[in-house]
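Have the structure open while you read.

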Amino acid sequence: MAWSEGVEETRLLIAPDVNAIGNGLGQFLSLRHPKSGKATCYLFKNGTLQELNWFKQSYGSWFLGDYVCEDGRLYTATIVDPVFIMLPIFEEARMKKRDDPGKFRQLDEIMFVNSYPGYQHLIPIAENCMQVVCEIKEIGSSKFFRLDDSKVLAWLCYKVHQLKQILPTLDKNYAARDTKDTLTDAISILGEYLEDEPWLKLLCDHLKLNLLDATMKAPVIEFHPTAPDNSLGSSNQLQGKSGNERKTTRPGKQPKKAKVEKDSRNIKDMFSRASRK
């Protein structure tokens, strides 16, 4: 199957059944990663945003029917809370300066991001995200939004609480950790999706934790985010699980033990469950 029109390359992607609800159509979007700001590929289908990651052993390929797929990478799509992805956009849109809380702006202004037309596809779900972390003003039939630090902090604290509940259920090693270590682990996982300034620092200050300790203890996750190549200037549609965008991936350290692989998958699955709540 082609990943996109004119690109006859096959990849193996594991994702929730796109035919279970809606029309089974999805789109691959090039968006900015909320931590690094680099272009990253996400899957958007039926109002749900998923991040794409890949995992590969040193050697491997896939047998798909009577076809051999030379690329042995396993691509996975896991649900991510879109607020994480939009938070940097909301932050930039308010144009905050020192003590000035910034400006209220309309939805279409906020979601227009130069060189990233993929954000336009998120407009149908953007208002729900804004209600979580933004102040809202209504003038006539128009709505205006501005990011609110106190709402962001409350939302982050809720995410920490979710992760603290889920982490001990992963295995006995997590269950044996004390409360402070579990809290630090939770913040470390959130730190994969947050800039240190202002959000991670704001969260650590509120919870009275050292930012350096929280970031240094981040768990090793051997899945790597996908980076779109030059052909992914705009989103393309795929049908079911058969289509995808061609993408290049950055090299990463390969896991040496089966336990590391298992823990990596568990953490990704756990964060996906936390995002859905």
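## About the model

This is a predicted model, where local features need pLDDT of at least 70, side-chain atom pairs count only at pLDDT 80 or more, and totals for chains, interfaces and linings use all residues. Residues are numbered from 1 along each chain as its sequence is written, and side-chain values use heavy atoms, with hydrogens and water left out.

## Helices α4 and α7

Start with α4 (residues 149-166) and α7 (residues 196-207): their axes come within 10 Å and cross at roughly 70 degrees. That is why the two count as roughly perpendicular (65 to 115 degrees).

Who's touching whom (heavy atoms within 4.5 Å)? On the α4 side, Asp149, Val152, Leu153, Leu156, Cys157 and Val160 meet Trp199, Leu202, Leu203, His206 and Leu207 of α7. Sorted by class, this contact has nine nonpolar residues, one polar and one charged.

## Helices α1 and α3

Next, α1 (residues 82-94) packs with α3 (residues 123-133) at about 75 degrees, the axes being 10 Å apart. This pair is therefore roughly perpendicular too.

From α1 come Pro82, Val83, Met86 and Phe90, while α3 brings Ile125, Ala126, Cys129, Met130 and Val133. Here the count is nine nonpolar, no polar and no charged.

## Arg146

Arg146 sits in strand β9 (residues 142-147). Is Arg146 buried or exposed? Its relative accessibility is 12%, so Arg146 counts as buried (under 20% relative accessible area).

The Arg146 side chain reaches the backbone oxygen of Gly102 at 3.1 Å. Among the residues Arg146 touches are Arg94, Phe104, Val133 and Glu135.

Note on methods: Axes are lines fitted to C-alpha atoms, for helices over the stretch in contact, and angles run from 0 to 180 degrees between N-to-C directions. Helices (H or I, at least four residues) and strands (E, at least two) are DSSP runs, numbered from the N terminus. Angles under 35 degrees count as roughly parallel, over 145 as roughly antiparallel, 65 to 115 as roughly perpendicular and the rest as oblique. Contact means heavy atoms within 4.5 Å. Ala, Val, Leu, Ile, Met, Phe, Trp, Tyr, Cys and Pro count as nonpolar, Asp, Glu, Lys and Arg as charged, and the others, Gly among them, as polar. Buried means under 20% relative accessible area, exposed over 50%, partly exposed in between (1.4 Å probe, protein chains only). A polar contact is a pair of N or O atoms within 3.5 Å; within protein, one must be able to donate a hydrogen and the other to accept it, and residues adjacent in sequence count only if both atoms are side-chain atoms. Lists of a residue's contacts leave out its neighbours within four places in sequence.
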